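Subject: Structure for you to look at

Hello,

Please find the structure below, with its sequence. My notes on it follow.

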Amino acid sequence: MWISRVTIKNFRKVPFDKEAVISFKEGLNLIIGENNIGKTTIIDAISLCLSYGSVERGVWLKREDFNNPDSPIEISIEFSGLKLQHEAAFLQALVIDDEEKNNQLRFIFSFELKDEKVQPQIKCGELGLTSNPYDLLKYLRAIHLQALRDVNLEFQPGYKSRITKIVKKEFPEYKSFEEIFKDANKKALEHEGEKNPVRVLEGQTNQNIVKLSLGSDNNRIKLNFVEQEFTKILTNIVMKTAEKGLDIKTNGLGYNNLIYISTILTELKVEEKYESHIFNCLLIEEPEAHLHPQLQALLLDFLQTEYKTIQVILTSHSPTLAAAVNFNNLTILAKSRDVMKSVLIKNTALENKNKAFLRRFLDVTKSQMFFARKIIFVEGITEAMLMKAFWNYIFNDISMKFDRQGIEIVNIQGVAFKPYVDLIKNVFAETDVKSVLITDDDRGSSKSCPVDKRFIIDDRIRPTQEIVNIFNEAPISSRALTLKNEVDKLNKEGFKVGIFLSRKTFEVEFALANEKIRKLFKNLISIAQSSAMPELNFAIDIWRKINEKDLKSEFADRILRFIGRASNKKLGIQIPDYIIRAFNFLKDD
């Protein structure tokens, strides 16, 4: 059984007259999104409801949690994947599906603020029956690891110790274990080989007691160790490092977080073994806390492969985790008209072939787009290197600086934009995330010949003048035309996405825009220095020689260094028009 849907109203940033709906799948769920988007709100809503009345409860409602104090907070939680033992335990909460035989559980938690006190009400099932919350919730449990957690406190001995709970659950009675401790205590108290400190203290105390008692009174005491019951023994278990026997607190916080998560998972496995009718889930905020990237990936892989039967819900800002998770386990949060929009990748209409492509190619850098407000998709290293510098060159007001706009540049390293368009269509639909595709129109090119075949003669690129003569007549490539039509259609349907094409390539467009600043290109490429050389001839000559010598990245670096020099700003470098239009599309609301 697992949580399949959570609906939230009037809780924190979710308005009282709107609702946020979040879908989940069985096993691992990773929720990602920018700061303050609502990740903690989701986790706290689940924790609040499933831990209500529990000693482990970590979320307590305050007036500030009510978006509108005059309306109740409403949180609905639905469960799917029921087994017979679950249906029996939660009979009154069942929602029967006769056709699909896919019965569900439904709980509606309502919290009303009256005289500054929170009044809860819990309804369940198809008929919305009101139930005693403590009877209802004893079979529902959420273990919540908050973002600002001190796991070292959890390792302290005592009846609340997680180790104590695990051992007690696995071994409810262990008489022979008690006898070992009782026998040891008896021997210690009866030991006469040397002064027994317990008996010495006992004797000294009794001497004083006799002197302070009336003659007929016997107020003497006898010292003993704590009764050696199994539960009391367990409260004294301490955790130390295996290698040197040091206190566990001497470990770094990162490893102690992993150790703590390990103990919780062990506890959940034990509970699943003995009380299979109880629902357990693990909620972890920012599992990447104190972990370097390799340990983050290791933790995620472990949760995905070893604990498939326990629902684990993570929230994260880590692109490492976003890149490492199975794509279907990913939930994206973004804003949509001031309300959080949740998209579970598994439930989208993304084509399977595009899912497979994205799963392979969403590395750490590309996964950062899921945390962005605006996305620039580019096809190569040249554009990826230059976009931030171009933006800051055009918009030099501090409030418009690139890093303040929440923009992410995604270099797709080729021209396979189709999966990313599918991603925009299915993941960023109805959100406020804006995207632009900046690419080349590759006029005259084909899949079999990326350089226009009419620009080639004897397996070599034609001379500049011959290319110029046919340049304007070369048609836009079929790849670029198909992509443009798809994006234009989405734009007309209300998607916040645009496509902006260069004429042939970026190098041609940049050289055309800056033909008068020929010193920019000097020393990198041997070019004709004659000012009489026509603009298009000049631009084609630049593009031809960059391709012949494979100087794309060096060319981009040269532009960056040139823009960075204060002395060159007065020269008035021009950013190609198609890039300016793309930036304005992102900038304008």
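How many of the eight residues of helix α18 (residues 506-513) are buried? Seven of them are, so the helix is mostly covered, taking buried to mean under 20% relative accessible area. The buried residues of α18 are Phe 506, Glu 507, Val 508, Glu 509, Phe 510, Ala 511 and Leu 512.

Keep in mind that this is a predicted model. The average pLDDT of the protein is 83, and 91% of the residues score at least 70. Confidence is highest in strand β1 (residues 2-9), with a mean of 95. Helix α21 (residues 566-569) is where confidence is lowest, at a mean of 55. Where pLDDT is low, the predicted coordinates should not be read in detail.

Two loop residues are also worth a look.

Asn 36 sits in the loop that lies between β3 (28-32) and α1 (39-50). Its phi is near 65°, which is a positive value in a residue other than glycine. Is Asn 36 buried or exposed? Asn 36 counts as exposed because its relative accessibility is 54%, and the cut-off for exposed is over 50%.

Glu 116 is found in the loop between β6 (104-114) and β7 (117-124). Glu 116 is not a glycine either, yet it has a positive phi of about 65°. With a relative accessible area of 54%, Glu 116 is exposed.

Regards

Conventions. Residues are numbered from 1 along each chain as its sequence is written. This is a predicted model: local features need pLDDT of at least 70, side-chain atom pairs count only at pLDDT 80 or more; totals for chains, interfaces and linings use all residues. Side-chain values use heavy atoms; hydrogens and water are left out. Buried means under 20% relative accessible area, exposed over 50%, partly exposed in between (1.4 Å probe, protein chains only). Helices (H or I, at least four residues) and strands (E, at least two) are DSSP runs, numbered from the N terminus. pLDDT is the predictor's confidence in each residue, from 0 to 100.
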